[in-house]
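I opened the model to look up a few local features. My entries follow.

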Amino acid sequence: MGKRPTRDDVAKEAGTSTAVVSYVINHGPRPVSPTTRRRVLDAIRKTGYLPNGIAKSLANGSSDTYALLVTDLANPFLAQMAQSLERELFARGKDLLVGDSGDDPARQLDLLEAFQRQQVSGLVWYGVDQPLPLDAIDAYPGTVVMLNQPAGQEPRPSAGRRVRLDVDESREARMATEHLLSHGRRHVAIVAGPTQRLNSRERIHGWRAAIDDAGLEPGRIITAPYTREGGRQAAFQLGSDVDAVFASNEMQAMGLLAGLAERGMKAPDDVAVAAMNGTAGAAYLVPSLTTVQLPQGPIARDIANALTRNEPSGGTGRTGRTGEEAIASAPRLVTGHSCGC
């Protein structure tokens with residue numbers, strides 16, 4: 001067996017000092033220019049160097065700890081993903097640490113740094129903003145599975161493997177909206193997310209495309225947080241002409257149904273409702289909620305395989321829609337009574 005690469009090897013390859021290599025790996029304490037940082041990351045990849053305890057754990061496959069970072073564990077979609085992933089890793093004899101950024105970009109960066117300090121063997125990440133701030137994990141040598149990184153982003157130099165969950169949020173929004181239109185609804189509004197979010201714009205795009213294809217005029221766009229209260233407040237902004245609403249996630253839809261009830265309105269009699277990013281819990285709302293859902297069990301299995309085997313499983317796409325390595329997803333419409341079914 002050959003000699004394991006050291007920081008000296010990286011420094012020699014990059015033409016820098018070992019101190020500079022340490023600054024890149026540890027994100028400080030001194031700043032490193034982008035050009036030098038790129039050289040060091042390229043050298044890490046070329047030499048195969050893995051820092052500290054991560055080197056031992058990744059080299060012999062003995063590490064048992066992985067991490068999941070999400071924006072809001074109160075979100076049923078993310079909570080179900082966390083549960084599914086924990087079960088898959090537990091079945092493989094692995095542990096899962098879970099961090100909740102609370103939709104706070106600064107806290108997100110703190111948690112990313114903390115997970116790297118704890119030398120987790122792999123990371124699954126649902127980020128606050130899009131595109132994800134990938135510079136925060138440039139020097140991390142483990143596999144990172146990105147749950148909401150947009151397709152087609154310019155790849156960054158990094159020390160480890162990066163895999164993207166291949167989701168098409170515009171398509172999912174379109175599926176839900178088309179279903180509402182299939183019930184004869186003609187004035188479909190949308191409860192969108194915050195305007196600065198890329199995923200909010202993607203969902204608006206899908207909603208609008210379905211309405212345009214039907215030859216109808218788009219309804220009102222109501223922006224709201226991705227929360228139950230955001231959906232509830234949106235219910236009071238609906239005009240009398242609205243006969244259907246597409247909600248951008250399940251939490252908004254839950255709040256929307258509550259707000260409609262406060263107004264003395266019923267779904268689907270007065271307003272039909274459908275949402276995306278649904279979970280099994282949608283069936284237990286009153287009325288049961290129609291949602292577009294992702295197959296979280298198979299996705300969690302493929303993520304666990306990518307993390308622990310360092311390769312995709314048979315159900316995982318080797319490349320996404322724009323050529324990156326990606327895990328496939330297959331959204332499906334699950335009907336309830338909220339739409340009129």
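I take strands (E, at least two residues) and helices (H or I, at least four) as DSSP runs, numbered from the N terminus. The model is predicted, so I noted the limits: local features need pLDDT of at least 70, side-chain atom pairs count only at pLDDT 80 or more, and totals for chains, interfaces and linings use all residues. Residues are numbered from 1 along each chain as its sequence is written, and side-chain values use heavy atoms, with hydrogens and water left out.

Entry on Ile 222. I found Ile 222 in strand E7 (residues 221–223). Ile 222 is buried at 1% relative accessibility, where buried means under 20% relative accessible area with a 1.4 Å probe, protein chains only. Setting aside neighbours within four places in sequence, I listed its contacts as Ile 190, Val 191, Ala 192, Ala 234, Gln 237 and Leu 238 (heavy atoms within 4.5 Å). For Gln 237, the C-alpha to C-alpha distance from Ile 222 is 7.6 Å, across 15 residues in sequence.

Entry on H9 and H10. I looked up how helix H9 (residues 228–235) meets helix H10 (residues 250–262): their axes come within 6 Å and cross at roughly 40 degrees. Axes are lines fitted to C-alpha atoms, for helices over the stretch in contact, and angles run from 0 to 180 degrees between N-to-C directions. H9 and H10 are therefore oblique (angles under 35 degrees are roughly parallel, over 145 roughly antiparallel, 65 to 115 roughly perpendicular, the rest oblique).

Entry on Asp 166. I placed Asp 166 in strand E5 (residues 162–166). Asp 166 is buried, with a relative accessible area of 14%.

Terms used: Buried means under 20% relative accessible area, exposed over 50%, partly exposed in between (1.4 Å probe, protein chains only).
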